[in-house]
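Dear colleague,

Here is the structure I said I would pass on. Please look it over beside the notes below.

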Amino acid sequence: ECNKRWVITSVHFPPKSKANERDTQLAAFLETYAQESSTRLETPFTPKGAKDAKQTQVHHVICGDLNCYPDKETFRLEAEGYAQPLLGEHVSTSSGGSSYDNFIVSKHTESSLTLNREVLELELMAKGGVDGLSDHSPIALVARETRVVKKKK
């Protein structure tokens with residue numbers, strides 16, 4: 001029952017050429033996301049928030065084109081209640097070999113489900129004037145319920 005509610009937020013932040021704007025926007029987005037439940041149909045961010053609101057917990061997935069790798073020092077992911085990005089810093093998601101696309105999930109989502117992520121290959125990527133569907137690879141996430149360890153006494 002506790003794994004049936006999801007909020008999936010697709011994002012697209014400014015490009016590398018506007019790094020200051022991108023970093024400011026992304027930091028502000030991540031910082032305020034947890035508190036701004038009114039913008040997500042009153043869905044609590046944490047299990048405690050759900051319990052306080054007398055709701056079942058909600059899993060949050062932020063995904064899309066971040067145009068950077070959201071490192072923990074710059075964006076304070078753990079302090080804001082997020083797990084580390086699901087695709088590693090060295091996983092390329094663009095034709096230029098950069099790690100621009102990713103999934104960021106709430107801590108409780110990562111700790112209570114098995115999350116399989118994948119970068120899908122396009123047959124022909126757009127790059128340097130070459131026509132292609134996109135200059136970014138699609139990314140996929142599959143979440144599976146798993147039995148969790150009982151609390152130790």
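This is a predicted model: local features need pLDDT of at least 70, side-chain atom pairs count only at pLDDT 80 or more; totals for chains, interfaces and linings use all residues.

Three strands form an open sheet in the order E1-E2-E3, and the pairing is mixed. Strand E1 (6-12) and strand E3 (101-105) are at the edges; each has a single partner strand, so one side of each is left without a neighbour in the sheet. On average, neighbouring strands of this sheet are turned by 15 degrees against each other, with direction ignored. Strand E2, which covers residues 59-65, pairs with E3 in the antiparallel sense, over 5 bridges. In this pairing, Val61 is found opposite Val105 in E3.

Positive phi. Which residue in the loop between helix H2 (47-52) and E2 deserves a look? Lys54 lies there, and its phi is positive, about 55 degrees, although Lys54 is not a glycine. Lys54 has a relative accessible area of 77%, above the 50% cut-off, so this residue counts as exposed.

Is Asn67 buried or exposed? The relative accessible area of Asn67 is 7%, under the 20% cut-off, so Asn67 is classed as buried.

Regards

Technical notes
Residues are numbered from 1 along each chain as its sequence is written. Side-chain values use heavy atoms; hydrogens and water are left out. Two strands pair if DSSP finds at least two bridges between them. Helices (H or I, at least four residues) and strands (E, at least two) are DSSP runs, numbered from the N terminus. Axes are lines fitted to C-alpha atoms, for helices over the stretch in contact, and angles run from 0 to 180 degrees between N-to-C directions. Buried means under 20% relative accessible area, exposed over 50%, partly exposed in between (1.4 Å probe, protein chains only).
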